[in-house]
Amino acid sequence: MEKSTFLDILFDLINESDILDAEILDLCADRDGLTVLMKDGTSWRVTVTQERKIPK
């Protein structure tokens, strides 16, 4: 799976989460990860890096 595909899926999961819906102010994606801004003023940075490929 490509990193961009994984980030798209992760973005959708966070963005569509019923649990986080009331708490998230904004969600921004870039080439390395996601920044999640919360309504209480905190922000979280989720970075994504590929560790290794598992042989098939």
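Biologist: How many bridges join β2 to β3, and which way do the two strands run?

Modeller: Start with the general idea: strands of a sheet pair through backbone hydrogen bonds, either parallel or antiparallel. Here we have a predicted model, and in it β2 and β3 are joined by five bridges and run antiparallel.

Biologist: How many residues sit between β2 and β3 in the hairpin?

Modeller: Four residues separate the two strands of that hairpin. While you're there, click on Gly41 in the turn, where phi is positive, at about 100°.

Biologist: Okay, what about β1 and β2, how many bridges join them?

Modeller: Five bridges link β1 to β2, which covers residues 33-38, and this pair is antiparallel too. For a landmark, take Leu27: it stands opposite Val36 in β2.

Biologist: In what order do the strands of the open sheet come?

Modeller: The order is β1-β2-β3, three strands in an open sheet with antiparallel pairing. β1 (24-29) and β3 (43-47) each have a single partner strand, so they stand at the edges and one side of each has no neighbour in the sheet. Going from one strand to the next, the twist averages 15°.

Biologist: And the side chains, how do they point in a strand like that?

Modeller: As a general rule, in a regular strand the side chains alternate between the two faces of the sheet.

Biologist: Which residues make the nonpolar surface patch?

Modeller: Met1, Phe6, Ile9 and Leu13 make it, and the patch is about 440 Å².

Biologist: I also spotted Ser4. Where does it lie, and how far is it from Asp30 in space?

Modeller: Ser4 lies in helix α1 as well, and its relative accessibility of 47% makes it partly exposed.

Biologist: Last one: where is confidence lowest and where is it highest?

Modeller: Among the elements, α1 has the lowest mean pLDDT, 88, and β3 the highest, at 94. The protein chain averages 88, and 100% of its residues score at least 70.

Definitions and conventions:
Residues are numbered from 1 along each chain as its sequence is written. This is a predicted model: local features need pLDDT of at least 70, side-chain atom pairs count only at pLDDT 80 or more; totals for chains, interfaces and linings use all residues. Side-chain values use heavy atoms; hydrogens and water are left out. Two strands pair if DSSP finds at least two bridges between them. Axes are lines fitted to C-alpha atoms, for helices over the stretch in contact, and angles run from 0 to 180 degrees between N-to-C directions. Patches are made of residues with over 30% relative accessible area and no salt bridge: like charges are joined within 9 Å, nonpolar side chains (Val, Leu, Ile, Met, Phe, Trp, Tyr) within 5 Å. Accessible areas come from the Shrake-Rupley method with a 1.4 Å probe; for residues, only the protein chains shown count as cover. A salt bridge is a side-chain nitrogen of Lys or Arg within 4 Å of a carboxyl oxygen of Asp or Glu. pLDDT is the predictor's confidence in each residue, from 0 to 100. Buried means under 20% relative accessible area, exposed over 50%, partly exposed in between (1.4 Å probe, protein chains only).
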